[in-house]
Amino acid sequence: MKSSVIIFPGSNCDRDMDVALKKFGFENQMVWHNDAEIPKSDLIVLPGGFSYGDYLRCGSIAGKSRIIKSVVDFAKSGGLVLGICNGFQILTETGLLPGILQQNKYLNFICKNVFVKIKNKENKYFKNIKKEILELHIAHNEGNYFCSKDELNSIEDNEQIAVTYCDDKGNDDEYNNPNGAIKNIAGIFNKDKNILGMMPHPERMIDPFLSGEDGSLFFENLIGNV
Amino acid sequence: MNEVNEQLAIDHGLKKDEYKKICDLLKRTPNITELGIFSAMWNEHCSYKSSRRHLKKLHTKGDQVIQGPGENAGVVDIEDGDAIVFKIESHNHPSFIEPYQGAATGVGGIMRDVFTMGARPIANLNSIHFGSIDHEKTRNLLRGVVKGIGGYGNCIGVPTIAGQTCFDESYNGNILVNAMTLGLVNKNKIFYSKAAGVDKPVIYVGSKTGRDGIHGASMASAIFDDKIEEKKPTVQVGDPFTEKLLLEACLELMAGKSIISIQDMGAAGLTSSSIEMASKGNLGIEIDLTKVPCREENMTPYEIMLSESQERMLIVLEAGKENEAKKIFDKWNLDFAVIGKTTSSKNIELFFENEKVAEIPIDFLAENAPMYDRKWTKAKLPKENNFSKDDFKSLKLSDCLNKILTDPNIADKEWIWNQYDHTVMGDTIQKPGGNAGVVRVHGTDKAVAAAVDSSATYCHAHPLTGGKQVVCESWRNMISVGAKPIAITNCLNFGNPEKEKNMGEFVECVEGITEASKYLNYPVVSGNVSFYNETKDKGIKPTPSIGGIGLLSDYKQMVTMELKNEGNYLLIIGKTEGHLDQSIFAKNILSNHNGPPPEINLFNEKQNGMSILNLKNKNLIETCHDVSLGGILTAISKMSMKGNKGVKIFPIEGLVNKFEYFFGEDQGRYIIEIKPENLENVEKILKKDSIHFDKLGIVESDKITYGNDLKISIGDIKDGYKKWLNEYMVN
C-alpha cells in the first residue's frame with residue numbers, strides 16, 4: 001500500500017506521520033509542496049503543523065499551493081485523503097470539506113489527551129475498529145469547528161460526522177468539548193467518505209510509551225481497508 | 001551624523017573610563033558605527049566583564065564532555081556516535097517589557113544556538129519566575145510569557161517537555177524567562193563558530209534585517225527605571241515560521257561539506273556574530289553592508305550592525321560552494337547574500353556604499369574587552385530558628401497540607417504546559433509534571449531526560465549552600481526517572497553586580513555550583529549570565545537556574561512518580577531530620593522567612609542517588625520521586641494524586657515532631673515504591689551500601705492516612721491542587 005505525505009513549509013508532523021504509516025505497513029513517500037504531481041498513491045496525508053506559518057488563516061496559503069491541484073483531483077476521483085490538524089484546516093480551505101476551524105473557545109493552545117466517539121463506521125477509516133471510543137491526542141490553537149446551520153444539516157443528513165469529543169463513557173456534551181467545536185465535532189468526512197479531516201493526532205498514539213495506543217487501532221484498520 | 005563624544009558613549013551604556021580606553025586603543029575618536037560596535041561588544045551581556053573571572057572556576061570537564069562553555073552551546077556524548085547539544089539562556093529584560101515577543105524570541109534564540117551546531121532540536125524546557133501573585137502585572141506577564149513560549153515552540157514543532165514556574169515578590173519588577181533547548185547530533189558532524197582560512201566567502205542567510213532590537217544587548221545590561229516602557233523598540237519580534245525554514249535549510253546544508261563555520265545572529269546581531277567567528281579563527285573579516293538584505297529603507301551602517309532582527313545566521317563557506325548553498329536557501333524561500341570575506345588583517349572592516357565606514361582590530365573588541373574584579377561580600381550562614389512546641393500547637397496536618405498544595409509555588413501547573421505542544425516529534429515518553437521530561441533518541445532504545453531547577457529562597461538565605469542545592473536537585477530529578485545524570489547548563493540570574501552584596505551572591509552561588517558539580521561529576525557545559533535584574537534599587541533574589549540532562553540506555557526502564565499498586569511499600573531514602581527553616585511550611589504556615597537553608601551533604605547525595613540507580617537497574621523500583629519543596633507529605637500527595645492511590649503512613653520513629661518530619665526539606669531524599677516480594681532484597685542492598693532509609697508506608701485505598709492525625713481523600717486534595725492556577729488566571 002502506497003501513501004504520500006505532503007510537506008508544506010511549516011509542516012511539523014510530517015515525520016511523525018511518516019513513522020506511523022511505515023510502522024503499520026504503508027510504503028510512504030514524502031512529497032514537496034512545490035511539486036506538480038503526486039506519485040501513485042493509495043492514500044494522501046496532509047500532516048499537522050503550521051503550513052506557511054498559519055499566516056492569513058490556518059491552512060489558507062497551503063490551500064493555494066502548487067501541489068493542491070493534484071490532491072483535489074485525487075480526492076475527486078475517489079482517492080483517500082486524510083488531513084490531520086493543520087491538514088484538516090487545509091482541507092476546509094480547499095473546499096474539499098465543509099466548514100471552518102476557528103480559534104479555540106478559551107483562546108489558548110491546547111495539548112492533551114482527549115476521548116473521541118466514532119460516529120460512523122461505514123467507511124475505510126473506521127470500518128473494523130471494534131472500540132466505540134478512542135483516546136487520542138490534540139495539539140492545536142484553531143480546532144473549534146464551525147459551519148452554517150444549512151451545512152450542519154447537510155453534514156448530519158449525509159452522516160459526515162466522523163468523530164466527536166466525549167468523555168471516557170462516550171458523553172459528547174458541552175462538558176467534554178475542549179475547544180468549543182459545534183456539536184463537539186473533532187473530525188468530518190466529505191459526502192463520499194473518502195476524505196477525512198480531524199483535529200486529533202492518531203500518529204502520536206502508536207506506542208504504549210507515548211500518550212497511548214489507540215492511534216495504532218486507527219492505522220491498523222486503515223491499512224486493512226485500503 | 002551624531003558627533004561622538006563622552007556623553008554619547010555614556011548614553012550607549014559605556015562608562016567614562018571605558019570610553020577613554022576605546023579612544024586610547026584606537027588612538028583616535030571612534031565614529032558612530034564604531035562606538036555602537038564597542039558598546040555592543042563591551043556591555044555586560046556580551047563581554048561577561050563582571051562574571052568572566054568567576055566563571056573560569058566552574059567545573060567543565062568530564063569524559064562525557066565533547067564541548068564545554070565558549071561555543072554556541074555545550075555538547076555531551078551519549079554513546080553510539082550520538083551527542084546532545086544543549087544550553088539555557090535568559091531573556092528576562094525583554095520579557096518584562098513585552099512578554100509575548102520577549103519569551104518567544106528567547107525560545108527562538110536558544111533553538112538557533114543549538115541547530116547552529118548541526119543538531120536537530122528535540123526538546124525545549126523553560127524556567128520562568130514571576131512576581132507576587134498579588135502584584136498587578138503578574139497575571140498578564142504570566143499569560144503573555146506562556147503564550148510566547150508556546151507560540152514559538154509549538155510552531156517550530158519541538159516539544160516543550162518540562163519546566164518550572166515560581167512566584168516571589170522579588171521578581172515584581174524583573175521577571176525571569178530562561179529557555180533551554182536540547183538537540184541531537186552525530187558526534188562527527190558538529191559545527192563550530194571558529195572561522196578558518198582567508199578569502200572565504202561570508203554568507204548572510206535567513207530573515208531580512210530591520211530596525212528591531214537595536215541595542216537589545218545593552219538594554220539587557222541595564223537596570224530598569226520608571227521609563228522602561230520606552231524601551232519597547234529594543235525588543236525583537238520573532239517569526240517562528242521563518243525559523244522553522246531556517247532550521248530545515250541549515251540542516252540540509254550541513255548534510256554536505258561546504259560549511260567552515262556558522263554562527264547565529266543573537267545578541268548584538270551582525271556585530272557579535274562576525275567578530276566572534278573572526279576572533280576564534282584569529283582572522284580578520286570584511287563586510288560590505290550594502291549587501292545585507294534589509295527590510296526597511298535607508299538603514300545606516302550603525303543600524304545594520306546593531307539590529308537584533310531574529311532568524312538570521314552568518315556562515316563562512318568553502319570558496320566556490322556559494323551556488324550549491326544558495327539553491328538550498330532558495331528552496332526554503334530564505335534570503336541568501338554573500339556579504340564579505342575572511343581576511344588576514346585581524347581587523348573588522350566595514351564598507352557601505354563604497355566607503356569604508358569602520359575599521360577596528362578584533363582583539364580590541366574581544367580579548368581587550370574590560371574585565372572587572374568587582375568587590376563582593378561573603379554571606380554569613382543565618383542563625384537557626386528554634387521552633388518550639390507552641391509554634392505548632394494550633395496546627396492540623398490536613399489544613400497545613402491543603403495550604404501547601406495550593407501554595408502558588410507548589411500547585412499544579414497544567415494550565416501552563418497544556419498550552420505547550422509536548423508530544424510533537426512522537427518521542428515524548430515522560431510529559432511535563434513529572435520529575436523530569438524524557439524524550440527517546442529517535443529510532444533507538446535510548447532516551448534523554450531533562451529538567452530545569454532553581455531555588456532562589458535557599459540561594460537568598462545562603463548563596464553557597466543554595467548553589468550546591470540547585471545542582472543536587474537537578475541531579476535528583478535525573479535519578480528519579482532512572483537516568484544517569486550527564487551534565488548541566490546554567491543560567492545565572494542576579495541583581496546589580498556593582499553592588500557588593502549582589503556580586504557576593506553571584507560569586508558564592510557559582511562556588512556552590514562548582515563544588516557540587518565537581519563532586520557529582522555533573523559538569524557545566526554551557527550557560528549564560530544575566531545581571532542587572534533590578535528595578536528602582538530592588539534586585540531579584542539570586543536565581544541560578546540549572547538545566548540538567550541524563551541518559552537512559554533503555555527507555556523501557558524509565559521510572560515515573562505515580563503510585564502503582566496497592567500493597568506496595570514506600571521507603572524513604574536519606575535521613576529526615578526535620579529542617580523547617582526556609583521551607584514552604586515555614587513561609588506559608590509559620591510566616592517565618594529566617595534561618596539557613598537545609599544543609600547539603602554531597603557524600604550522601606551521591607551515595608543515595610547511585611543506590612537508586614542500582615536498584616532501578618535490578619528492576620526493584622516501581623516508582624520514584626525526590627523529596628523537595630514541601631517535604632515528605634507534599635511528595636506523597638503528588639505521587640498519590642498522579643496514581644490515584646492512597647498511602648497509609650507508618651508511625652514516625654525518633655524524636656522529630658510530626659510537622660518537622662512531614663514538611664521539613666532535608667536534602668538528598670527520595671521516596672520509592674517497592675513490591676512486597678522485593679522488600680527484603682531492597683532492604684538488604686540498602687543496608688549493605690550503608691544507605692539510610694525508613695519504611696514510610698504502604699500504598700492503600702484512596703486516602704492518605706497517618707494514625708488519627710490525618711485522613712484525607714485524594715479527590716479532596718486533588719481538587720485544590722489542580723484548580724489553583726486555573727482559578728487564579730480567570731480571576
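Okay, before anything else: what we're looking at is a predicted model.

Let's start where the chains meet. Chain A brings 21 residues to the contact, and chain B brings 22 residues. On the chain A side, three elements each give at least two residues: helix α1, at 14-23, plus strands β6, at 110-118, and β7, at 133-140. Which of the elements gives the largest share of that side? That would be β6(A), with 3 residues. And if you sort the chain A side by class, you get 10 nonpolar, 7 polar and 4 charged residues.

Now over to chain B and its sheet. We've got an open sheet of 7 strands here, with mixed pairing. Reading across, the order goes β23-β25-β22-β26-β24-β27-β28. At the edges sit β23(B), residues 623-626, and β28(B), residues 710-713, each pairing on one side only. Neighbouring strands in this sheet are turned by 20° against each other on average, ignoring direction.

Let me zoom in on one pair. Do β22(B) and β25(B) run parallel or antiparallel? They're antiparallel, with 5 bridges joining residues 569-573 of β22(B) to residues 670-674 of β25(B). In that pair, Ile573(B) stands opposite Tyr670(B) of β25(B). As a reminder, strands of a sheet pair through backbone hydrogen bonds.

Helix α25(B), residues 676-688, lies across β22, β25 and β26 of chain B, where β26 covers 693-699. Relative to β25(B), helix α25(B) runs at about 135°.

That's it from me, thanks.

How values were computed:
Residues numbered from 1 in each chain as written. Chains lettered and ligands numbered in written order. Predicted model: local features only at pLDDT ≥ 70, side-chain atom pairs only at ≥ 80, totals over all residues. Contact = placed C-beta atoms within 7 Å. Helix = DSSP H or I, 4+ residues; strand = E, 2+ residues; numbered from the N terminus. Nonpolar A, V, L, I, M, F, W, Y, C, P; charged D, E, K, R; others polar. Pairing = 2+ DSSP bridges. Axes fitted to C-alpha atoms, helices over the stretch in contact; angles between N-to-C directions.
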